[in-house]
Amino acid sequence: MSTAAKTIMITGGAGFIGSHVVRLFVKKYPNYKIVNLDALTYAGNLENLKDVQSSSNYFFERADITNEEAIYSLFEKHQFDAVIHLAAESHVDRSIMDPLAFVKTNVLGTAILLNAARKYWKGSYENKLFYHVSTDEVYGSLGEEGFFTEETPYDPHSPYSASKAASDHFVMAYHDTYGIPVKMSNCSNNYGSHHFPEKLIPLMINNIKTNKPLPVYGKGENVRDWLFVEDHARAIDVIFHNGRVGESYNVGGFNEWKNIDLVKLLCSIMDKKLGRPAGTSEQLITYVTDRPGHDLRYAIDATKLNKELGWTPSLQFEEGLEKTVDWYLQNEEWIKNVTSGDYQKFYGELYDKR
Ligand code: NAD
Ligand code: DAU
């Protein structure tokens, strides 16, 4: 895609990754009109975009991607040239508690967006693009060795990853059947600012700060490949503009950590920042019942993205984690706001139901 003026719908722009993508596009491409479409579920928060909300090229539309009529009328109103689709139910533990919510948003919602693109672009696809943001979890679980490549067969294990896998298949099926220009990326675990504290890193930071138990699932042996969220946003930018149509690209941090080692590292960073004696926060670690169907290891081979488009992660993990911890310590009000209400209810029910 060229950098000529265009109108882009970014779905899920009020969430964690979406807000970083909106910020990057609004600031970097003043000639683009960016329309953030978000239902503002528990995970969406317009405060995440305070610094760009008054930019003249930024617009917000509150809408649910499963509401076909609303989506069609927004396509009519804004005449989108491209969609960058991030809106989703994104938390594995919630998908175990309420799988159908994931089918609805992630599968039906994606199909509705694709259908709207098909209807409003009317087979005239020049300078049009549907970019789907997906996850490495669609590939299932690795043993001690090996990496996920773009050729790894899909093998999802949680209702979340199954719903994302289904949405990926719909995207490729619309490309093959109707010729819609699509691109897709499958990324590993992100971390950084504005991450909702139901996910491992922000949850641990929040619990360490407030002296609550640090719930490590199973033995803490599971491995994740962590990438700084702004590096993911940069990858989306590069793939959106220079990636090949009809292709998917793996995005990863080349940065594998066992959960227990990561939690201990966070404890030691937090002890220093909070002026606690070394070893204090580690005492909060509590081993809890494992997540059902818990994937052992994810690790991405991002060679294709690196070789074709020159993308590499910009930050060392320790530096990124420090930045992240600092952001959470400086934004207590944000945490207070997002952890009131629904969050407390979810946190209680998670352990009641295990
Ligand atoms: P998030 O949960 O922080 O944000 C999701 C956003 O989508 C929220 O703003 C929410 O309000 C919105 N949303 C949810 N349901 C909606 C609906 N029906 N209609 C409109 N908006 C709706 O998620 P995230 O972690 O930022 O993930 C964004 C995308 O990236 C997801 O598609 C996810 O699968 C994918 N992804 C996430 C990670 C990660 O580590 N977080 C890694 C790889 C891929
Ligand atoms: O790999 C990409 C995926 O990463 C994204 O597609 C998902 O949207 C995102 O939520 C994330 O999924 P994970 O399940 O890997 O992330 P989560 O932060 O929930 O958990 C990370 C690891 O930490 C996992 O092995 C489970 C474990 N864990 C998690 C929580 C919340 C704990 O041990 N304790 C916890 O309290």
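These legends describe close-up views of the two ligand sites in a predicted model. Residues are numbered from 1 along each chain as written, and chains are lettered from A and ligands numbered from 1 in the order written. Local features need pLDDT of at least 70 and side-chain atom pairs count at pLDDT 80 or more, while totals for chains, interfaces and linings use all residues; side-chain values use heavy atoms, without hydrogens and water.

**View 1. Residues around ligand 1.** The shell holds 28 residues, each with a heavy atom within 4 Å of the ligand. Ile17, Asp38, Ser90, Tyr160 and Lys164 come nearest. Strand 5 (129-135) gives the most, three residues.

**View 2. Backbone contacts of ligand 1.** Polar contacts are pairs of N or O atoms within 3.5 Å. A backbone N or O atom of Phe16 lies 3.1 Å from a ligand oxygen. For a polar backbone atom of Ile17, the distance to a ligand oxygen is 2.8 Å. A ligand nitrogen sits 3.0 Å from a polar backbone atom of Ile65. The protein covers 96% of the 840 Å² of accessible area that ligand 1 has on its own (Shrake-Rupley method, 1.4 Å probe).

**View 3. Residues around ligand 2.** Here 23 residues surround the ligand. The closest are Asp136, Glu137, Tyr160, Arg291 and His294. Strand 8 gives the most to this shell, three residues.

Terms used
Helices (H or I, at least four residues) and strands (E, at least two) are DSSP runs, numbered from the N terminus. A polar contact is a pair of N or O atoms within 3.5 Å; within protein, one must be able to donate a hydrogen and the other to accept it, and residues adjacent in sequence count only if both atoms are side-chain atoms.
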